Amino acid sequence: MKWITTIACVSFAVTIAAETVVWTMFLHRLRNRYPQQWLHAAQPLVWQDRTLLSARSTMMYLSNRDYLESLDLDGAHYCGRYRSLLLATYWLTVAAGMAALTALAFHGW
């Protein structure tokens with residue numbers, strides 16, 4: 001594998017891992033500490049039983065600031081506090097994925 005492709009693919013894998021950890025921790029805390037906000041975010045009640053969660057739906061909820069419409073002020077504050085971090089890791093993963101695909105297209109495997 002060419003070095004530029006290796007760097008791009010490893011960067012993509014690292015950003016996916018980082019986004020997954022940050023996103024999962026956010027959802028876990030949201031569900032446990034702010035159940036009213038969890039319901040407002042339209043997250044499934046049970047996500048251990050192979051319920052598909054979508055990072056995109058969570059990021060759209062945060063990006064559009066829909067959490068501000070909730071009556072749970074503490075939950076809305078929690079979402080606002082972690083909004084930038086979650087959106088940054090999400091878009092960094094998208095950018096790293098594009099870079100990996102570009103490296104593969106132009107430099108090959």
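Which pattern does the protein follow when read along the sequence? The order is α-α-α-α, with four helices and zero strands in the protein; helices (H or I, at least four residues) and strands (E, at least two) are DSSP runs numbered from the N terminus. The model is predicted, with local features requiring pLDDT of at least 70 and side-chain atom pairs counting only at pLDDT 80 or more, whereas totals for chains, interfaces and linings use all residues. Residues are numbered from 1 along each chain as its sequence is written, and side-chain values use heavy atoms, with hydrogens and water left out.

Of the 109 residues of the protein, 33% count as buried, that is, under 20% relative accessible area, where exposed is over 50% and partly exposed lies in between (1.4 Å probe, protein chains only). The accessible surface comes to about 7000 Å², computed by the Shrake-Rupley method with a 1.4 Å probe. Carbon and sulfur atoms hold 66% of that surface. Among contacts (heavy atoms within 4.5 Å) between residues at least 6 apart in sequence, 69% join residues at least 24 apart.

Two packed helices are described by the angle between their axes and the distance between the axes. Axes are lines fitted to C-alpha atoms, for helices over the stretch in contact, and angles run from 0 to 180 degrees between N-to-C directions. The axes of α1 (residues 3-33) and α4 (residues 73-107) come within 8 Å and cross at roughly 160°. Helix α1 is therefore roughly antiparallel to α4, given that angles under 35 degrees count as roughly parallel, over 145 as roughly antiparallel, 65 to 115 as roughly perpendicular and the rest as oblique. The crossing of α1 with α4 is left-handed, meaning that the near helix is turned anticlockwise from the far one by less than a right angle. The contact of α1 with α4 involves 22 nonpolar, seven polar and two charged residues. In this classification Ala, Val, Leu, Ile, Met, Phe, Trp, Tyr, Cys and Pro are nonpolar, Asp, Glu, Lys and Arg are charged, and the others, Gly among them, are polar.

Helix α3 (residues 55-63) packs against α4 at an angle of about 130°, with the axes 9 Å apart, so α3 is oblique to α4. This crossing, too, is left-handed. On the α3 side A55, R56, M59, Y61, L62 and S63 meet C79, R83, L86, L87 and Y90 of α4. By class, this contact has eight nonpolar, one polar and two charged residues.

The loop between α3 and α4 contains R65. Phi of R65 is near 60°, a positive value in a residue other than glycine. R65 counts as partly exposed because its relative accessibility is 41%.
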